[in-house]
Amino acid sequence: MERKEELCVYKNPDAPVEARVQDLLSRMTLAEKIGQMTQIERVVTTHTVITDSFIGSVLNGGGSWPFEDARPSDWVDMIDGYQNAALALRLGIPLIYGIDAVHGNNNVYGATIFPHNVGLGATRDADLIRRIGAATVLEVRAMGAHWAFAPCVAALRDPRWGRSYECYSEDANIICELTTLVSGLQGEPPKEHPNGYPFLAGRNSAVACAKHFVGDGGTENGTNEGNTIVSFEKLERVHLPPYLNCLAQGVSTVMASYSSWNGSKLHSDYFLLTELLKQKLGFKGFIISDWEALDRLSEPFGSNYRHCIKISINAGIDMVMVPFKYERFIYDLTDLVQSGEVSMARIDDAVERILRVKFVAGLFEHPLTDRSLLGTIGCKEHRELGREAVRKSLVLLKNGKHVDKPFLPLDRNAKRILVTGTHADDLGYQCGGWTKAWFGLSGRITIGTTLLDAIKGIVGDQTEIIYEKNPSEESLASSEGFSYAIVAVGESPYAETLGDNSELTIPFNGSDIVTTVAVRVPTLMILFSGRPTVLEPTVLEKTEAVISAWLPGSEGQGMADVIFGDYDFEGKLPVSWFKRVEQLPLNADADLYDPLFPLGFGLN
Ligand code: GLC
């Protein structure tokens, strides 16, 4: 091992970060620099690809696993294999592996699945979210990844948007408070931390990513990847503030949004990416593009890719999530630099930022996975944390009187209870999108506890539970009768554009299932959704109680804890609940505000 003073500066862990950055940059060829700006998907990644193209980053998209039923150690083998290939190159620059750990490390079988952001928004609990970050980061590092594409800090301005559940709230102030996931993932920045400078606490922390910059939640009609038509003043008031909180915590990366601002595509908007984020706000980390976002700058898709590369890199994109046609990307960008259409100064700025994050992340000192962390994946403490988050996320919308006392909490020693509905025993539905697969799945997709499991675990052994996914006439007409019914309905999983929806009625005839039961049996309705849905007046009339559970994830016991009275409700709506979709967008800062339930509503 060379003595430290003999090490060249960039290899010396005691040298200042900026000195290491400049030393390494000065040694790099154009090909090595452009390689650092190139992020590819694991499905096209081989050790040869990494070494031939000097690839600086790899990711897996939602649902892209090493192979079906891959276990965490299989992920480590894959990622460390890539890493060793990168380290074997002349300069030994470690690659950085990114993954969408957006509610726990949700691609990985057995990982703890926390409530999606909209449910965390209902908790208003910044410290809880920091702790979720601190748990998630261990489950990310344990399987080999270094970088989580989280938190999404978009404002939920219109629930017709397919990514509503990835938002903490419609209200910028609430989102700002809840950006603490950054500190959870990266570690607490030192007090003297220069705002906007990337920061990571060390070995067991990971790079975070504030996304999607900026205004993605404010598009017309909630259209995904659409156009946000607002004044700069409103953009600054409604959509920008959470980024300031993320920068203040030293967030190391920011992901640009597919959407446009007043017709200008974010990925090619120099003013927002460079003048605002980098110059005015002083962001010193790097901006990554979204998936194939450069291709989407042109109509038809990818038609003039060379031009799209030019306008996005010159606008301020530093690393490109290509993610498949990397040879074309590298060829065109090289050509653009050699023709002077993209300056070497712009390339150097991008590479400096990428290297800065890799140095700060400690990847040069610890490029390979600490396999002792494997035991943290889905561990008991993390699941208890998930259970706490579920408890705090539930919002009680109605709690009527029954036999002269509040219907909730339910009697856990009731004689006979009916549990029914599409979402009563479906872990995949409970977790929602971005779980195991990109769009989510139905059924026992990972390790976890469904609502039915949780009810079985808490009621007395004299209590008879009748479970039917779809309530049958005969069971409802049965002579014995039920003390009460719990009816679980809601949305099936979705992600991104697939989730755009302008009707927002409860799928699978959820409203009918509820009323069919509620007219015969005292009923608690639990709604599993990533956003407010239509709530028919009859549903609100006929049920004794209604709970919004959002998308709670793997730890279903948290619901039973509250429903049966071990804990009280404390969730508050993070978003306005509309009466009719014709009202949308409907936000609390509007002049005319007539919601079914207002922002902040929640009974206890
Ligand atoms: C997706 C999403 C982004 C995600 C990325 C990688 O299209 O827009 O949130 O991080 O691609 O999966």
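1. Which residues does the UniProt annotation "domain: Glycoside hydrolase family 3 N-terminal" cover? According to that record, an unreviewed entry, the domain covers residues 29-357. The structure discussed here is a predicted model.

2. A five-stranded open sheet has the order 4-3-2-1-11, and its pairing is parallel. Its edges are strand 4 (147-148) and strand 11 (320-321), each of which pairs on one side only. Strand 1 (residues 38-41) and strand 2 (residues 57-60) are joined in the parallel sense by three bridges. Glu 41 has Leu 59 as its bridge partner in strand 2.

3. Asp 69 is worth checking for its backbone. Its phi is positive, about 65°, although the residue is not a glycine. Most residues other than glycine have a negative phi. Asp 69 sits in the loop that runs between strand 2 and helix 4 (72-87).

4. Helix 1 (residues 17-27) packs on helix 14 (residues 344-360) at an angle of about 130°, and the axes are 9 Å apart. From helix 1 the contact takes in Val 17, Glu 18, Arg 20, Val 21, Gln 22, Leu 24 and Leu 25. Helix 14 contributes Asp 348, Val 351, Glu 352, Leu 355, Arg 356, Phe 359 and Val 360. Sorted by class, this contact has eight nonpolar, one polar and five charged residues.

5. Helix 9 (residues 232-239) and helix 11 (residues 270-280) form another packed pair, with an angle of about 60° and axes 15 Å apart. Helix 9 is therefore oblique to helix 11. The crossing of helix 9 with helix 11 is right-handed. Phe 232, Leu 235 and Glu 236 of helix 9 meet Phe 271, Leu 272, Leu 276 and Lys 280 of helix 11. The contact of helix 9 with helix 11 has five nonpolar and two charged residues, and no polar ones.

6. A six-stranded open sheet has the order 12-19-18-17-15-16, with mixed pairing. Strand 12 (395-399) and strand 16 (464-468) are the edge strands, pairing on one side only. From one strand to the next the twist averages 15°. Strand 12 runs antiparallel to strand 19 (residues 545-548), and four bridges join them. In strand 19, Ser 548 is the bridge partner of Val 395.

7. Which helices lie across strand 15, strand 17 and strand 18? Helix 17 (residues 451-458) lies across strand 15, strand 16, strand 17 (484-490) and strand 18 (523-528), and runs at about 170° to strand 16. Helix 19 (residues 510-518) lies across strand 15, strand 17 and strand 18, and runs at about 175° to strand 17.

8. Most peptide bonds are trans. Leu 408 and Pro 409 are joined by a cis bond with omega of about -5°, and Pro 409 lies in the loop between strand 14 (405-406) and strand 15 (416-420). The bond from Leu 584 to Pro 585 is also cis, with omega near -5°. Pro 585 is in the segment after helix 21 (557-563).

Notes:
Residues numbered from 1 in each chain as written. Predicted model: local features only at pLDDT ≥ 70, side-chain atom pairs only at ≥ 80, totals over all residues. Heavy atoms only, no water. Axes fitted to C-alpha atoms, helices over the stretch in contact; angles between N-to-C directions. Helix = DSSP H or I, 4+ residues; strand = E, 2+ residues; numbered from the N terminus. Parallel < 35°, antiparallel > 145°, perpendicular 65-115°, else oblique. Left-handed = near helix turned anticlockwise from the far one by under 90°. Contact = heavy atoms within 4.5 Å. Nonpolar A, V, L, I, M, F, W, Y, C, P; charged D, E, K, R; others polar. Pairing = 2+ DSSP bridges. UniProt positions renumbered as here; feature names shortened; annotations may be inferred.
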